[in-house]
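User: I would like a close look at one part of this predicted model. Please treat it in one connected account.

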Amino acid sequence: MMAREVFLMRLPFCLLLLIPLAAGAQTPASILEKSDRSRGGASSGISWKISLKAGESQASEYDVKVKGVNVLAKCTAPARQKGETFLFNDRNLWIHKPGLKKPVSLSPRQRLSGQAANGDIATTNYARDYEAKVEDEETVGGKPAWKLFLQAKEKNVTYDKIRYWVTKKDFLGVKAEFLTLEGKPFKLANFTYGHTLPGSKVPFVSQMEIRDVSSGETTTITYGAPRAEEIGDSLFNVNNLQR
Amino acid sequence: MRALFFIAAFLIAPQAWALETTTSLLFQSEGRLISDSKANPGNRVARLPARLVQVEGRVDANYSLPWLEIVARPRVEAGLYWVNGVSENSAAGFFQEAYLRAPVTEDFSITAGRLQFGWGPAESVSPSNWMVPEIQWQPSPYYEQLGVYRVQANLSAGQDFSLILINEFQPLPDRLDSRSEVVPESFRKRALAKAEWSWDSGNYILGFTGGRERLQPGELWRGGAYGSITISDAWQIYGDGVARETANTWKSFSVLGVRYTAEGGAEFRLEGIHRGEGLTRDQRANQALLFSRANDSTLAALLAAQFERLQGREYAYAAFRWANPPFLPGNFQTPILFLRALHSLSDHSTSFLGGVEVGFLGYFSTTLYGAVATGPTGGELKNLYDGMFGVAGKVTF
């Protein structure tokens, strides 16, 4: 093989290696960390309401409280599920229903249940959960963005692999592909940022639209405006789910 | 009367408060194939209904102030029963739970009233919690266990430690009931302390319980422990046990189990139960003869209470549960498929429960369920029913 052909074949890989340098001082990890802020990750105590609507069905609504890696989400609608409470202790998940004798522990694998996974109700902490590398640079919705490939650091996260587009200007995760173990997309997501974090100008997510690749069904999660709140750690103690 | 007026005035005085209520209406129809066993020949002892139709109204109300939470879950039910070819009817009113909770600080609260409070990693039994029935072997997912009258103090230190002190107090009558299959258990004063630690965000949990219960003629001590280890996203192992002092000897009651969760969310459990104070096979045979010779409502009630209390020594329990299985049509909301089997290693009787629950339109859910018992005639889990089938619906506003 001619030396020139070998050089041309290797050129794209060499350019890919240069992408992190092109990101300036930003490393893939720091890009993720900054994008997490706008999706509730690593917060020191905020609350918001979310509404989750799958297809034509009635929306489920939750009051969500977040502190660090812990999330408490209480269902307020529909009537059939009112009062159900999800507790995320980092990656572990508990559910409690009014009148039941005890909270039920769900396996991390059950975070994936439902059109929108239980894990999607919770906050995002991609910087902690995933190793990231910059695959490419693309334009999404007219905005230049890094195309990141995220690989789970541990097995018990909601998704094993994610392809994630983060805008260069304001570090917003605007698009994601959730991948199967074989690397094929099984859910696609788009994000909208219509809120700001309390006391700052940092944009905060207002909508996440998830489309199931195989069924084509779409689930929309609408986020209310976040509120800063003093939240004690005891709120996330499973023994306090029922009194 | 004046005191009540002042309390009411204080509760409605202007301050931050919230009232949440949910109302449900249930309908249930069930057919049962009753065993013709030595313990219940011709269904003359237990007089169990072969068919029943029930309606039940449930209200869940929660009134909260910054310093007090009031929870009330009143229930009213009416039913038609067919016992040995004769129809009977019933009506009952009761509170499944009714309690006051005072959050003294963020980490400390006191609760008093009738409430449920459960723990333990196993699905079949929770030996370290002796304030709840030993087992809840009911096929309907809408079945509710009644709370216990107690005063309870919860102390937490962050998300990883909690200390709970519980003292049961003299109960009010369980139900205003015109007919009941189960006679309320005679009162036993019980107290319990529970400490629980968790590490690695709940991947490791360890708890200890200790306390005593006052029975005639003396007081009995109990000490228990439970724990779980989440090995991976698929596997969890767990155990729960208690040692109980009875007539100056100690008997144990324990369960060991493993949980496996498949990629699609289907969950499998296998549990082994040992009950040191249970009856051996020969003792059970003698007990069945005693039952058959009696025609006493208390004995009948004890027999019928089998769904809440085990009698033998060793059991194996298997369960399968799948929420949102992908093969059900998309307009079914939050469907749950479940199968459970309890096998007595003492007499080789087995009871299988199974069902499916689906929701529609955000306010309606329905369930089909059934049970089959197999094994030798007179086996513990075949003593009452050879099978049953039911359909239930629930509308929630």
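What is the accessible surface of chain A, and what percentage of it belongs to carbon and sulfur atoms?

Analyst: The accessible surface of chain A comes to about 10900 Å², and carbon and sulfur atoms provide 56% of that area (Shrake-Rupley method, 1.4 Å probe; for residues, only the protein chains shown count as cover). The model is predicted, so local features need pLDDT of at least 70 and side-chain atom pairs count only at pLDDT 80 or more, while totals for chains, interfaces and linings use all residues. Residues are numbered from 1 along each chain as written, chains are lettered from A and ligands numbered from 1 in the order written, and side-chain values use heavy atoms, without hydrogens and water. For the complex, the predictor gives an ipTM of 0.83 and a pTM of 0.83.

Chain A contains 4 helices and 16 strands (DSSP runs numbered from the N terminus: H or I of at least four residues, E of at least two). It has 243 residues, of which 54% are buried (under 20% relative accessible area; over 50% is exposed, in between partly exposed; 1.4 Å probe, protein chains only). Of the contacts in chain A with a separation of 6 or more, 45% are made by residues 24 or more positions apart (contact: heavy atoms within 4.5 Å).

On one side of the account stands β2(A), residues 60–67, which pairs with β3(A) in the antiparallel sense over 7 bridges (pairing requires at least two DSSP bridges). Within this pair, A:D63 is placed opposite A:K74 of β3(A). The hairpin formed by β2(A) and β3(A) leaves 2 residues between the strands, and A:G68 adopts a positive phi near 60° there. β3(A) also runs antiparallel to strand β4 (residues 85–89) of chain A, to which 5 bridges join it. One residue pair that illustrates this is A:N70 with its bridge partner A:N89 in β4(A).

Chain B has 3 helices and 19 strands. Of its 397 residues, 49% are buried. Its accessible surface comes to about 18500 Å², with 64% belonging to carbon and sulfur atoms. For contacts in chain B between residues at least 6 apart in sequence, 58% join residues at least 24 apart. Chain B also has a charge over a ring: B:R51 lies over the face of B:W82, at 4.3 Å from the ring centre.

Technical notes
A charge sits over a ring if NZ of Lys or CZ of Arg is within 6 Å of the ring centre and within 35 degrees of the ring normal.
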